[in-house]
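Please read these points alongside the model.

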Amino acid sequence: MSGKELDYFFDQWIFQAGHPQISLTRTNHKGPAFLLKQHQSGEFKFSIDIQFNYENGTSESKTFEITKKEQVLHSGNDQKLKDYVIDPDTKLLFEVKVADY
């Protein structure tokens with residue numbers, strides 16, 4: 001088989017009701033960053049992609065592993081952020097509220 005531990009996947013997506021309900025608040029903590037909070041009951045572990053578009057015309061996508069109810073996500077780039085796209089390829093079932101600083 002895959003050799004991966006999948007108990008948590010089945011527990012949260014099959015046997016548990018609900019889905020991730022998150023909020024993202026944009027910050028400038030060490031460059032472009034977001035504070036992600038989970039608001040649903042229970043804690044989900046999942047990956048989420050964010051596409052960062054910078055004012056100099058470049059862009060990059062990063063995948064973040066979400067393992068906590070509250071987590072800071074850093075772009076890892078000190079370029080000035082123009083805009084961003086959360087889950088650009090629509091891979092995740094979730095609700096999101098976004099607040100800019």
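1. Q71 is buried, at a relative accessible area of 14% (buried means under 20%, exposed over 50%, partly exposed in between; 1.4 Å probe, protein chains only). Its place is in strand β5 (strands are DSSP E runs of at least two residues, numbered from the N terminus).

2. This is a predicted model, in which local features need pLDDT of at least 70 and side-chain atom pairs count only at pLDDT 80 or more, while totals for chains, interfaces and linings use all residues. Residues are numbered from 1 along each chain as its sequence is written, and side-chain values use heavy atoms, with hydrogens and water left out.

3. A polar atom of the Q71 side chain lies 3.0 Å from the backbone nitrogen of T67. The Q71 side chain also reaches the backbone nitrogen of K68, at 3.3 Å.

4. An open sheet of 4 strands runs in the order β5-β2-β1-β7, with mixed pairing (two strands pair if DSSP finds at least two bridges between them). β5 (70–74) and β7 (95–99) stand at the edges with a single partner strand each, so one side of each has no neighbour in the sheet.

5. β1 (residues 21–27) and β2 (residues 33–38) pair in the antiparallel sense over 6 bridges. L24 stands opposite L36 in β2.

6. The largest nonpolar core has 18 residues; F46, I50 and L73 are among those with the most contacts inside it (such a core is a set of buried Ala, Val, Leu, Ile, Met, Phe, Trp, Tyr and Cys residues joined through side-chain atoms within 4.5 Å). β3 gives the largest share of this core, 5 residues.

Definitions and conventions:
A polar contact is a pair of N or O atoms within 3.5 Å; within protein, one must be able to donate a hydrogen and the other to accept it, and residues adjacent in sequence count only if both atoms are side-chain atoms.
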